[in-house]
Amino acid sequence: MSARAPLLLLLAWTAAVTAARAHAEPFHVLAYHDVRDSVSGDFDADQYAVSTRNLIDHFTWLRENGFHPVSIDDLLAAQRGDRALPAKPVLITFDDGFRSVYTHVLPLLKLFGYPAVVSVVTDWIEHDANVQQAGRTLTRADFLTWEQVAELSRSGLVEIASHSHDLHRGVRGNPQGNEQPAGVTRRVADDGSYESDAAYRARVRADLSTSAALIERHTGRRPRVMTWPYGARNAELERTAAGLGMAVGMTLDDGVNDTSDLHALARDLMQGNPGVAALGYDLLQPPSPPVIRAAQIDLDYIYDPDPAQQERNLGRVLDRIKALQITHVFLQAFADPDGDGGADALYFPNRTLPMRADLFNRVAWQLKTRAGVLVYAWLPLLSFAAPDVDPDWYVQQEVDGRVSRAADAEPRLSPFEPRARALIAGIYADLAAHANFDGVLFHDDGRLSELEDASPAAMRAYAQAFGPTFSLAALRADPALRQRWAELRTGALLGLSDELAAAVREYRPAAKTARNLFAPAALDAAHADERFAQDYGAFLRHYDYVAVMAMPYLEEAADPRRFYERLAAAALRFDPGGTRTLFELQTVDWHGARPVPAREIRDTLRLLQSLGIRNLAYYPDDYVRGQPDLDELRQGLSLAAFPQGALP
């Protein structure tokens with residue numbers, strides 16, 4: 001290769017990226033399922049069914065309001081830059097391959113001249129389906145025949161997509177028996193063993209290959225679109241689908257798409273038989289940032305060696321969270337029985353630490369399905385007490401020329417040690433492979449003090465960045481060097497968390513990230529890099545949310561109200577709309593070993609909302625003692641229209 005070759009490759013790649021961005025045209029995708037003449041308003045047992053009357057109204061409204069349904073060909077052409085999309089483009093899709101697509105929808109597509117994507121579960125066509133849905137049993141008669149699929153394909157209006165062969169069902173995803181989406185779940189056998197990575201890959205590859213082959217056999221066309229059952233997918237599935245020619249992917253994520261990337265299209269799911277007012281709102285109203293109300297839950301308090309007591313504990317937590325009517329739970333995924341802040345064991349199968357109990361997936365799934373919240377896995381960034389780890393891998397500090405681990409700090413692994421980074425990434429990957437969750441909260445152990453890190457790997461990194469004569473002692477005499485050193489440490493922690501997020505997204509592509517930030521890092525931003533290796537602005541660039549630890553008693557603030565006012569003002573300078581900042585309140589004064597009064601928590605939550613802080617959380621939740629008091633907490637935190645005790 002010539003010396004110019006790398007430069008030419010870089011220029012070609014840059015040109016390709018620029019071209020893709022230049023042709024990034026926005027569009028919506030609508031996701032329908034069954035269409036029936038008799039759908040009981042918006043309270044039908046099948047919440048995904050749409051009445052024929054409402055579908056006609058939808059199509060009419062699209063036409064009369066200047067929307068233009070587009071085809072997959074249109075999207076691919078726009079992505080290549082061959083032609084632009086029409087004004088107000090929208091892609092219409094129908095999932096599951098109901099027979100009503102042939103009997104009810106195709107005549108309307110022909111009447112309006114609208115293209116659509118129809119996604120079929122090939123096993124349901126091949127065999128008697130016997131699918132349980134909305135309290136009824138669906139059989140082969142409820143789904144398309146291959147002859148009808150072929151006619152839809154020949155119509156010139158319908159793109160036949162794969163909805164898998166046999167992944168549109170649940171499989172046992174944990175020892176407790178929860179059924180979870182077959183495409184992204186490692187199956188659990190009766191003896192409690194998990195499906196191996198190799199067996200999982202073989203299963204899903206065989207499934208997608210079978211589906212694509214059957215569609216091609218019966219239509220003469222290889223499918224180009226993969227619609228993921230339940231919207232659940234991972235990188236392995238996406239690579240397999242793309243290798244089979246299905247580079248366009250459909251999810252059930254919310255949002256607006258653009259033509260620069262078609263591999264995971266967000267869709268507006270039609271639920272509750274919506275009328276044109278609801279359709280218009282979806283298409284015309286810009287999406288507003290969500291309001292987050294969260295509880296941070298210790299799994300250590302739910303765990304019990306007695307399985308029956310553990311289930312009773314879980315039931316009480318579920319009842320409490322459901323009654324709060326909040327949006328998120330940050331759920332502890334590690335065990336810290338000795339309270340030193342480090343993970344001694346984990347609550348999921350993994351290759352590194354002991355598994356205290358296979359519990360995280362069970363609790364997360366129950367919270368998601370029974371309490372209706374999104375679950376973020378709460379894990380340390382650095383603090384893992386891994387056995388047989390070289391002591392030099394841990395963060396060390398230098399005091400008066402002596403290097404040692406801080407006696408009063410968690411057992412934090414150094415972010416500069418490549419082997420430690422790989423160990424931590426393996427833990428996060430194992431979590432994502434074995435559990436169903438929505439995001440990650442990086443714990444407050446992600447920090448380095450003014451004396452840290454002096455581990456061998458860190459010193460090698462400093463020498464590489466600042467020269468072989470660098471010493472920590474030299475920082476005191478050189479403010480500019482000290483600032484560069486502080487930024488390097490902050491960047492090391494940010495880089496590690498990016499690697500961990502990537503490890504999670506290999507299995508959970510839509511996972512969000514949040515990271516704890518100490519209040520002084522917001523109040524004294526100029527010195528936050530040096531004191532904590534934290535940077536509010538950089539956090540906003542790297543994470544979906546910044547979880548500010550709004551804890552005046554932890555900081556020993558003399559005037560809590562003034563503390564909150566100053567902290568809110570500082571946070572909103574970084575994040576003016578407050579959409580990506582979350583304030584996490586303490587419910588226990590750890591210094592005084594007393595619970596914070598529930599009424600004080602309620603009043604603080606109301607104060608913060610009046611100051612412009614929209615996203616709120618609290619920690620800890622003591623479900624055994626009922627602290628904080630549920631009624632008081634609801635009045636400050638709940639998203640119910642009128643929380644108990646609140647006036648309308």
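Tyr394, Val395, Arg405, Ala406, Ala409, Glu410, Pro411, Arg412 and Glu452 line the largest cavity (lining residues have an atom within 4 Å of a cavity point). The model is a predicted one, where local features need pLDDT of at least 70 and side-chain atom pairs pLDDT 80 or more, while totals for chains, interfaces and linings use all residues. Numbering runs from 1 along each chain as its sequence is written, and side-chain values use heavy atoms, with hydrogens and water left out.

That lining splits into 5 nonpolar, no polar and 4 charged residues, with Tyr, Val, Ala and Pro counted as nonpolar and Arg and Glu as charged. The volume of the largest cavity is about 60 Å³, taken as the space filled by probe spheres set on grid points joined across faces, edges and corners. The tally is 6 cavities of 30 Å³ or more, a cavity being a set of points on a 1 Å grid over the protein atoms alone where a 1.4 Å probe fits but cannot get out.

As for the overall fold, the chain holds 21 helices and 29 strands (DSSP runs: H or I of at least four residues, E of at least two). Its C-alpha trace spans about 80 × 75 × 55 Å along the principal axes.

Of the 648 residues, 55% count as buried, that is, under 20% relative accessible area with a 1.4 Å probe, protein chains only. Among contacts (heavy atoms within 4.5 Å) with a separation of 6 or more, 70% come from residues 24 or more positions apart.

Methods
On a 1 Å grid over the protein atoms alone, a cavity is a set of points where a 1.4 Å probe fits but cannot get out, and a pocket is an open set with protein on both sides within 12 Å along at least five of seven lines; lining residues have an atom within 4 Å of a point. Buried means under 20% relative accessible area, exposed over 50%, partly exposed in between (1.4 Å probe, protein chains only).
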